[in-house]
Amino acid sequence: MSTEDRANSASAYSISEHDQPGRLRRQLVFVLRSWTLNLAGAMEFRLSFLLTAGMMLLNNVVWIVFWGLYFGRFQVLNGWELHDVMMLWAISAGGFGLMATFFGNASRIANIIATGQLDVYLAQPKPVLLHVLISRMSVSAIGDVLFALLVFALFGDKSAAGIAKFGLALAIAAVIFIFFTVIVNCLAFWIGNTEGLSFQLFNALVTFTTYPTAIFKSWGKLVLFAVIPAGFISYLPIGLLREIDLPFLIGALAVSVLLAAGGTLLFYRGLKRYASGNMMTLRR
Amino acid sequence: MSSIRVEQLGKAFRMKKKQEGLAGSVKSLLKPLYEDKAAVDGITFSARQGETVAFLGPNGAGKSTTIKMLTGILHPTSGFAEVLGCCPWTERTKLSYRIGSVFGQKSQLWYHLPPIDTFELMSRIYELRRGDYLQRRDELIKRFELEPYMHTPVRKLSLGERMRCEIAASLLHRPQVLFLDEPTIGLDVIVKQRIRQLIRELNEQEGTTVFLTSHDAGDIEQLCERAIVINYGRLVFNDRVEWMKQRYMTHKTIRLVLADDSGGMDVPGATIVERSGARLVLSVDTSLTTIEAALTDVMSSRRILDVTVEDPPMEEIITRMYGDFGEEVRTS
Amino acid sequence: MTVFGKMAKYAFIGKITLRNQLAYMIDFVVRSLFLLLILYIFLQLWQATFHGEGDAARIAGYSFKQIMWYLVITETITLACPSLCTRIEEEVKNGDVGYRLVRPIHYIAFHYVEYMSEAAIRLGVNAALGVAIGLLMIGPPELSAGFLWLPVAAAFGLTVNFMLNMTLALCAFWVEETRGIEFVYNKFLFTIGGMLMPLELFPDALQAVSHWLPLQAVLYIPAKTAVAFDAGRLAGMLAVQALWIVVIGVAVAWIYRRGVKKLNVNGG
């Protein structure tokens, strides 16, 4: 066979249907498939899977115990009661858990950029940010999600409206967690390996979201709502669950949308600057 | 029809210049000094559809950078490139459905899962038609002899088994061009041989353009029609492998350990590079004699305890090319 | 080898660890920012709490300043503790433990020296930072002889923590994953160990339990010694720490010996 003939046989037909209608459905199938694969990977180590998830659940329970002790002694904290703090923990742990379970690579993006592991995702025809995010699942975070559901099931308002409000709160928290994390990790595109810094900023968000907004005054409030958007998560138990505070809710939704758009934009901007490394890496 | 076309392609990296010592570290933190380093410095070449091209050069010559620009992973700082009529970095997604890539040092297989699962995911990523995918998968499993490993977690596979799975995975969607970045790195001779053979068969049967980087002269010799050699980001050689073999790969190195002293020995057609006691290193000019003849010659007078035959390293071939053309570039 | 030679060997391990740590200084300072964050949050929390109690002068015997400096000390020590489980688990998993065992250095002693030198340098940085933050945000503490005893109590506390962590870390000989256990242990240390608030604020029953646990020796005793010094109770407190060091130390030695035996029988 001559080179020309060979060339013809190669372009003869493609077995991909990517240019056919039904793109959205295929995208969805891809995302679901990635999640089930992640879970299967985690199940490879069944015992440690259960153990780590259980540990995380226990960890959160210990914090609830701390607050139980606290409120046992002081009853009210600037208008917050134990019930509110429990819901706060449910939303914060739940939002974080959803991020780490379904978009588990979010907090590893800085490392992925710095070590050149983006290559594999870039060589494949799927939206890069989405593909990166869903390619890992933090097993321990499943414990966080379970914790959130458990606390809600035990202490939450289980009316239809209550469930809807809790679902919305979780969604807002998850979106803020995911895209704030993406943004701080994207710094690595510009200033090299920022793993430490990115992690600290991410950690600050997580930490702030687990304390009642009511303890912060002037400057603290400003940081909470303007710099690190933790306030939009940690005020949800009061501003959404207890009673809908419309200006706050609109603000929280706007911030979620803004972070999502900004994070995505920043990531794709950064891609243009991406300089892939040559480190020996294995996909884990 | 040309499937790869590259003109004056260049990529410069901005490097932070680090000064020595603690004071230097602090200084570079406050006021970093930058330096532009050209990894690829204006190279031009093209490849026809169905051709097998070897992209060669020593470590750090700019091979990986070039292949990453051609697959759309990196954006170049200057120049132009076209793969299958697409600009890789602006039409990356569109192009990626039609090309396959294997990066020897970056695995696309899921570490804790068996390859069959990654294959399945790949079929979703490339949105393959179900029936076609299954047929294609079974065909590749058979051809690459992967049946025994398909259900073993990747972390338990050997490097060679893993590499075969990597290549098969990148072929699932029937790419028209296959980019391979150091596919044989770290493998032993027999596994290398097998992988070369598989790639050659693929090219012959499916007409896939194969573009492969390597710093192993053996890869091209057995696999490719044409060789492009770069060094320090510049093109050094671009011609048929045949010609390169005749002209520059004329020598092979034989390392011998003899039973007794090697003093006063002479092998026609070979020069003695190194001699210390019973150890002997010969450089055999294959245009004058064969390896077999040289070895027979040695054996006629000495007893051999150990022998290895090697290709000359890339660095040596390049030095010879420079010797021929000076700084000039030879292209056909 | 003479006793002095032995000492020199361990001193050298300590020195190497210190140097290694210094190399990570910048990363380190960034990490220490967490201290700033958490102290800020607690400042706000306790301000609100004291305010909520009708601007009380003291809660459970602690003034606002005392509680804040108590937290500065517990946080500083907590953040100075290296993760022993991560290290040991890694060594057991990749088989390094085998090589470590054949070296003429006692395995536990080696890790103790490494742990303490790393903790010492981290403690130095954290303390400088903690004091700076404390002075700026809270104001100077009421100085007492307790601050002179703090280094001793802190060293004892870190030793107890090392021993407790070692018992958990050595489980790596039997179970695959010990970091989870460590994680939960830390959480107990934070709550009933008295990192987040002094034991006196607990309900009576829990207080009684906490005083019988080794956890109080790690953070509560050093912090309490410094901010609410009581010369009459000092000897007792240090004795409690020493007692726990001995008791858990014996347990560590026993577990270690069983672990090595298992390693010898089954291989790494």
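These are my notebook entries on a predicted model with chains A, B and C.

**Entry 1: confidence**

I began with the scores for the predicted complex. The predictor gives an ipTM of 0.80 and a pTM of 0.80. I then looked up chain C. Its average pLDDT is 84, and 87% of its residues score at least 70. I keep one caution in mind while reading. Where pLDDT is low, the predicted coordinates should not be read in detail.

**Entry 2: chain B overall**

I counted secondary structure in chain B. I found 11 helices and 14 strands. The chain has 332 residues, and 55% of them count as buried. Among contacts with a separation of 6 or more, 70% join residues 24 or more positions apart. The accessible surface of chain B is about 14,500 Å². Carbon and sulfur atoms hold 50% of that surface.

**Entry 3: chain C overall**

I did the count again for chain C. Here I found 11 helices and 2 strands. What order do they follow along the sequence of chain C? I read the pattern as α-α-β-β-α-α-α-α-α-α-α-α-α. Of the 268 residues in chain C, 51% are buried. For contacts with a separation of 6 or more, 78% are between residues 24 or more positions apart. Chain C exposes about 12,100 Å², and 69% of this comes from carbon and sulfur atoms.

**Entry 4: helix α10 of chain C**

I looked at helix α10 of chain C, residues 220-227. How many of its residues are buried? I got 8 of the 8, so the helix is largely enclosed by the rest of the structure. The buried set includes Tyr220(C), Ile221(C) and Pro222(C). Lys224(C) and Thr225(C) are also among the buried residues.

**Entry 5: transmembrane annotations**

I checked the UniProt records next. For chain A, the unreviewed entry gives "transmembrane region" for residues 47-70, 82-103, 128-155, 167-191, 222-240 and 246-268. I compared two of these spans with the model. Residues 128-155 of chain A are 86% helix and 0% strand, with the end C-alpha atoms 40 Å apart. Residues 222-240 of chain A are 79% helix and 0% strand, and their end C-alpha atoms lie 20 Å apart.

For chain C, the unreviewed UniProt entry lists residues 28-47, 67-85, 119-138, 150-176, 188-214 and 234-256 under "transmembrane region". I took two spans here as well. Residues 67-85 of chain C are 84% helix and 0% strand, and the end C-alpha atoms are 31 Å apart. Residues 119-138 of chain C are 95% helix and 0% strand, with 25 Å between the end C-alpha atoms.

I picked Leu170(A) first. Leu170(A) is in helix α9 of chain A, residues 160-191. Is Leu170(A) buried or exposed? Its relative accessibility is 11%, so Leu170(A) counts as buried, the cut-off being under 20%. I listed its contacts beyond four places in sequence. Leu170(A) touches Ala90(A), Ile91(A), Gly94(A), Gly95(A) and Leu98(A). I also took one C-alpha distance. Val145(A) is 25 residues from Leu170(A) in sequence and 9.9 Å away in space.

Then I turned to Leu58(A), in helix α3 of chain A, residues 46-74. Leu58(A) is partly exposed, at 38% relative accessible area. I noted a general point on helices. An α-helix has 3.6 residues a turn, so residues three or four places apart point the same way.

Key:
Residues numbered from 1 in each chain as written. Chains lettered and ligands numbered in written order. Predicted model: local features only at pLDDT ≥ 70, side-chain atom pairs only at ≥ 80, totals over all residues. Heavy atoms only, no water. pLDDT = per-residue confidence, 0-100. Helix = DSSP H or I, 4+ residues; strand = E, 2+ residues; numbered from the N terminus. Buried < 20%, exposed > 50% of the residue type's maximum accessible area, 1.4 Å probe, protein only. UniProt positions renumbered as here; feature names shortened; annotations may be inferred. Contact = heavy atoms within 4.5 Å. Areas by Shrake-Rupley, 256 points an atom, 1.4 Å probe, with all protein chains shown as cover.
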